[in-house]
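Okay, thanks for making time, everyone. I'd like to walk you through one structure today, so let me put it up on the screen.

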Amino acid sequence: MSLGQRVSRNAKILFVLPAIIWVLAFTIFPLFYSLGLSFFNIVLGVPPQFVGLKNFLEAFRDYKTLHAVRVTLLFIAVAIPVELVLGMALALFFNQELPGRKYFRTLLTMPLFFTPAALGLLGITMFYEEGGPINSFLSLFNIQIPWLSHPTWAMVAVLILEIWQWTPFVFLIFLAGLQGLPGEVYESALLDTSSGWQIFRWITLPMLQPVIIITLLLRLIEAIKIFDIPYTLTAGGPGTATEVYSLFVYRTGMKFFNFGYASSLAYLLLLIMMVVVTFFFNRMREIYD
């Protein structure tokens with residue numbers, strides 16, 4: 001090997017080395033270290049004790065864990081369908097030739113660029129019960145809603161912020177998908193029917209199926225691990241009404257210092273997400289095969 005080749009090879013390694021160190025230090029090492037913690041009873045101030053799979057089994061009996069799972073499932077069951085429906089409706093509407101549609105698209109996508117934590121802090125002001133802008137407007141109709149002090153309304157407030165932020169993401173993906181559909185198919189369909197619903201049901205939806213599945217997968221992964229908005233807006237309250245799974249794991253490890261149990265809970269979440277991703281990729285493979 002010549003001197004120039006050796007220099008070129010060393011230069012390549014030098015440029016890639018920071019990325020390798022970053023992945024090892026902040027991804028690979030924490031992944032395996034937390035896996036080791038999950039097999040121990042590690043509580044601050046108590047000597048570590050090997051417990052095997054006890055932490056994992058305890059998660060299926062712990063009512064606090066099961067409650068956090070129920071809250072997360074409720075959140076997913078409401079937020080994702082609403083985002084998909086609203087995103088599709090907006091995409092269909094703005095896929096037409098409308099005056100000023102570029103400016104409206106910009107306005108619609110603005111919430112997507114807010115950080116979730118900042119959005120949660122903004123929500124505290126918006127949903128403030130005494131003098132907040134939303135309740136001040138509703139007071140004109142003699143309506144006052146206990147947004148952050150009632151369990152049901154607190155969840156509604158979290159859902160409103162989540163839907164407000166992520167509907168633009170769904171809208172952009174669906175709009176790109178609609179604009180990529182072949183126009184010849186619609187021209188042929190118009191020869192058979194003039195019903196917009198039938199064209200949407202039998203032409204648009206089937207052709208958009210891969211886009212819908214990918215969007216659903218991305219939103220599902222993000223919704224399963226939601227943390228920022230419930231943490232900053234309600235801190236999981238009132239009580240544990242909005243304590244989603246990720247927030248519960250955070251509290252278990254960082255507030256109650258039960259690191260072994262928190263690690264096992266985090267790995268259960270990882271396994272669930274792996275199952276979800278595998279299911280969707282198998283579904284995509286069936287479509288394209």
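Predicted model: local features only at pLDDT ≥ 70, side-chain atom pairs only at ≥ 80, totals over all residues.

Let me start with the pair I like talking about. Arg 219 and Glu 162 meet through their side chains in a salt bridge, at 2.5 Å from N to O.

Now for another pair, Glu 222 with Lys 225, a salt bridge at 3.4 Å, N to O. Here Glu 222 is partly exposed at 28% relative accessibility, and Lys 225 is partly exposed at 38%. As for networks, shared partners join Glu 83, Glu 162 and Arg 219 into one.

There's also Arg 61 with Glu 58, a salt bridge at 3.1 Å, N to O. Arg 61 is exposed, at 56% relative accessible area, while Glu 58 is partly exposed, at 30%.

Back to H7 for a moment. This helix covers residues 151-179, which is 29 residues, and spans 42 Å from first C-alpha to last, close to the 42 Å expected. Where does H7 bend? At Trp 166, by about 30°, and Pro 168 follows within four residues.

On to the pockets. The largest has a volume of about 280 Å³. Its lining has 14 residues, and nearest the centre are Val 69, Tyr 245, Leu 268, Leu 269 and Ile 272. Helices H3 (63-94) and H12 (259-288) each supply at least two lining residues, with H3 giving the largest share, 6 residues. By class, that lining is 12 nonpolar, 2 polar and no charged residues.

The second largest pocket has a volume of about 230 Å³. Among the residues lining this second pocket are Asp 62, Lys 64, Glu 243, Arg 251 and Lys 255. H3 and helix H11 (245-255) are the elements that give two or more residues to that lining, and H11 gives the most, with 4 residues.

Note on methods. Residues numbered from 1 in each chain as written. Heavy atoms only, no water. Expected span 1.5 Å × (residues − 1). Bend = angle between axes of the 7 residues up to and from the residue. Salt bridge = Lys/Arg side-chain N within 4 Å of Asp/Glu carboxyl O. Buried < 20%, exposed > 50% of the residue type's maximum accessible area, 1.4 Å probe, protein only. 1 Å grid on protein atoms, 1.4 Å probe; cavity = no way out; pocket = protein on both sides within 12 Å on 5 of 7 lines; lining within 4 Å. Points joined across faces, edges and corners; volume = space filled by probe spheres on them. Nonpolar A, V, L, I, M, F, W, Y, C, P; charged D, E, K, R; others polar.
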